[in-house]
Amino acid sequence: MLASGSLVRLSSCAVVTVLRAELLPGGSFILADPHGAGNLRVRPNGAIDTQGGRGGWARFWVDREPDGDENSIRLLNVGHHEQRGNDVFLAASIVPADQCPAASAPVPEPPAVLLSDEEKAAFVRHGYLVLRGVVGRELVDAALRAINNQLGQGSAAWEPDEDGKEKLAGEVGSKRSSAILNLLHASPARGIAEQLLDGQLSQQVGGQIALRFPLPEDKIGRCGLLLPDSSCSP
């Protein structure tokens, strides 16, 4: 039904993603992003993204669609079946293009910012480049609203990741939040990054939120504000 190396296309109103199937021992499949962003997964809360590894949440069994033709298949998530006892399948629906808001209202191209040879040389020399005012205030405010809205949900703001560690839940925590990704895609930052990397960025770039809460005063001078407690030395 599905061979290792097959290409699987996932379509939505705004995004078409092509994934490569890989057959694993035991008969399950992973669906890998060829651009290296990760594997398709169904997270414990049911959200879908392409940031998975090779664990149960990112593995699928292939089954025929009961009421479909011989070419119709469905993908059963291994993690939900084995760890939760639930049969969670990938589902799709047909949406006419004229009823798809994202398709009819694309994000406009941001103004271009051309880097000078001096700025490019400074990036090579120091490993970073400071360009103030590149991301507009309205984009920053929208991203902060999305983060603060998630934090305001109390205990529901957090969920375990694949390793059992706590991370932000919801769209913001999925790395696919439009408010977060717009900091790159709807500002000149993307074009600047492509100039520095001498090539186009993948459309599958994710927006990770790494929150840095204030440290106690007795640790600020010794460790700095951005270092975790475990790296502090007396």
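Author: In this predicted model, the largest cavity contains about 50 Å³ of space. A cavity is a set of points, on a 1 Å grid over the protein atoms alone, where a 1.4 Å probe fits but cannot get out, whereas a pocket is an open set with protein on both sides within 12 Å along at least five of seven lines, and lining residues have an atom within 4 Å of a point. Points are joined across faces, edges and corners, and a volume is the space filled by probe spheres set on them. By this rule there is one cavity of 30 Å³ or more.

The residues lining the largest cavity are Arg41, Arg43, Pro44, Trp57, Glu159, Pro160, Asp161, Glu162 and Lys167. By class, they comprise six charged (Asp, Glu, Lys, Arg), three nonpolar (Ala, Val, Leu, Ile, Met, Phe, Trp, Tyr, Cys, Pro) and no polar residues (the others, Gly among them).

E9 and H5 bring us to helix H4 (residues 137-151), whose buried residues pack against E9, H5 and helix H6 (178-185), a contact being heavy atoms within 4.5 Å. These buried residues (under 20% relative accessible area with a 1.4 Å probe, protein chains only; exposed is over 50%, partly exposed in between) are Leu139, Ala143, Ala146, Ile147 and Gln150. Seen down the axis of H4, they fall within an arc of 90 degrees, so they line one face of the helix; the arc is that of the directions from the helix axis to the C-beta atoms. On the other side of H4, Arg137, Glu138, Arg145 and Asn149 are exposed. With 15 residues, H4 reaches 21 Å from first to last C-alpha, close to the expected 21 Å, which is 1.5 Å times one less than its number of residues.

Residues are numbered from 1 along each chain as its sequence is written. Local features need pLDDT of at least 70 and side-chain atom pairs count only at pLDDT 80 or more, while totals for chains, interfaces and linings use all residues, and side-chain values use heavy atoms, with hydrogens and water left out.

Terms used: Helix = DSSP H or I, 4+ residues; strand = E, 2+ residues; numbered from the N terminus.
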